[in-house]
Amino acid sequence: MYIPDNNKSEDKLKNLLSNSRLEMPFTDFEDKVMANIKKEVQKEKEIDRSLRLSWLFFALGTTFGLLLSIILSPGTTILGIPVDKLAIPAYITGGTLLLLFVEKLLQLTIEQKKDHI
Amino acid sequence: MDEVYIKRVIKGDIEAFRYIIREYQHMAFTVAMSVVKDEFIAEDIAQEAFIKAFENIKKFRFQSKFSTWLYRIVVNLSFKQLKKLKLREGDFISSGTESTETAPDGFDKMNETDRKYYINEALRLLSPNESLALRLFYLDENSLEEVGNITGWSASNVKVILHRARKNFYAALHKVLKNEMKTIL
């Protein structure tokens, strides 16, 4: 059967290059990779845990703040200042801090979820 | 078989990833060596590639071969590392006007160990692109399209590199054996 020279030379080259596969010379390669992977997985679990705790304390703090604002009656004072005079600055400061914190927490949560998709 | 283990890893079975490492470590190392020409650097690259593959395994959609996807990671990391090594074109062999595309006389009669040694020494003399192209096309038996997918080269670029690589490979093989003869004599 006639085999064109081109095919013959391609086959020869393929035959030669079948010897070009190298063996991983480091016998502990698999264990090293698995050890690094397990470290990464552990780190991810700790980040997840921290995020969940952050949300929990955020919820607790917000609830506590709201309750406090309801409980403090109009007649009471804090350091001699009537509560109703403190209300607006307190709400503005608290509200701003709350929004900034929520934004950061949401960003982190979305980033974590993206990594897990 | 790959699909079974990949799905197990995605479901959270970390140990199932060992199968992937065992199956692909040698070729991943070979691909990295084609580019960086150093065993220790190639090992680091292969390690980093497997870790990246594990971290991103949920993004693998089974639309291509897993090897294509993995070797793409290895190639990207290898060329990134290559920039730091600052190897120059002149460091690699060029056949110039020589057009011999045959193995040296008596090469076929050598024992397998020696043949393997000289072939890999010859590949070491080739530029990263050329030795990579030869191994991906002839050793791993990827199609031109698959080589393009792994390397990011266009189809025409793959053909040009392979054409040059064939010539330079034979030139390198002749050179390696000539040097060996000089050493012996």
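I start with the rule I used: a salt bridge is a side-chain nitrogen of Lys or Arg within 4 Å of a carboxyl oxygen of Asp or Glu. By that rule I found 15 salt bridges over all chains, and seven of them lie across the interface of chain B and chain A.

A note on the ground rules. This is a predicted model, where local features need pLDDT of at least 70, side-chain atom pairs count only at pLDDT 80 or more, and totals for chains, interfaces and linings use all residues. Residues are numbered from 1 along each chain as its sequence is written, chains are lettered from A and ligands numbered from 1 in the order in which they are written, and side-chain values use heavy atoms, with hydrogens and water left out.

**Entry: the interface.** I looked up contacts (heavy atoms within 4.5 Å) and got 39 residues of chain B against 29 residues of chain A.

**Entry: bridges between chains.** I checked B:E15 and A:K38, whose side chains meet at 2.6 Å, N to O. This pair runs from the loop between α1 (2-10) and α2 of chain B to helix α2 of chain A; helices here are DSSP runs (H or I, at least four residues), numbered from the N terminus. A:E30 and B:R18 form another bridge, at 2.9 Å, N to O.

**Entry: a bridge within chain B.** B:R164 and B:E130 meet at 3.2 Å, N to O. B:R164 sits in helix α8 and B:E130 in helix α6, so the pair ties together parts that are 34 residues apart in sequence. Is B:E130 buried or exposed? For burial I take under 20% relative accessible area as buried, over 50% as exposed and in between as partly exposed (1.4 Å probe, protein chains only). B:E130 is buried at 5%, while B:R164 is partly exposed at 40%.

**Entry: A:N19.** I found A:N19 in the loop between α1 (5-17) and α2 (29-71) of chain A. Its relative accessibility is 9%, so A:N19 counts as buried. Among the residues that A:N19 touches are B:E112, B:R115 and B:N120.

Key
Helices (H or I, at least four residues) and strands (E, at least two) are DSSP runs, numbered from the N terminus. Lists of a residue's contacts leave out its neighbours within four places in sequence.
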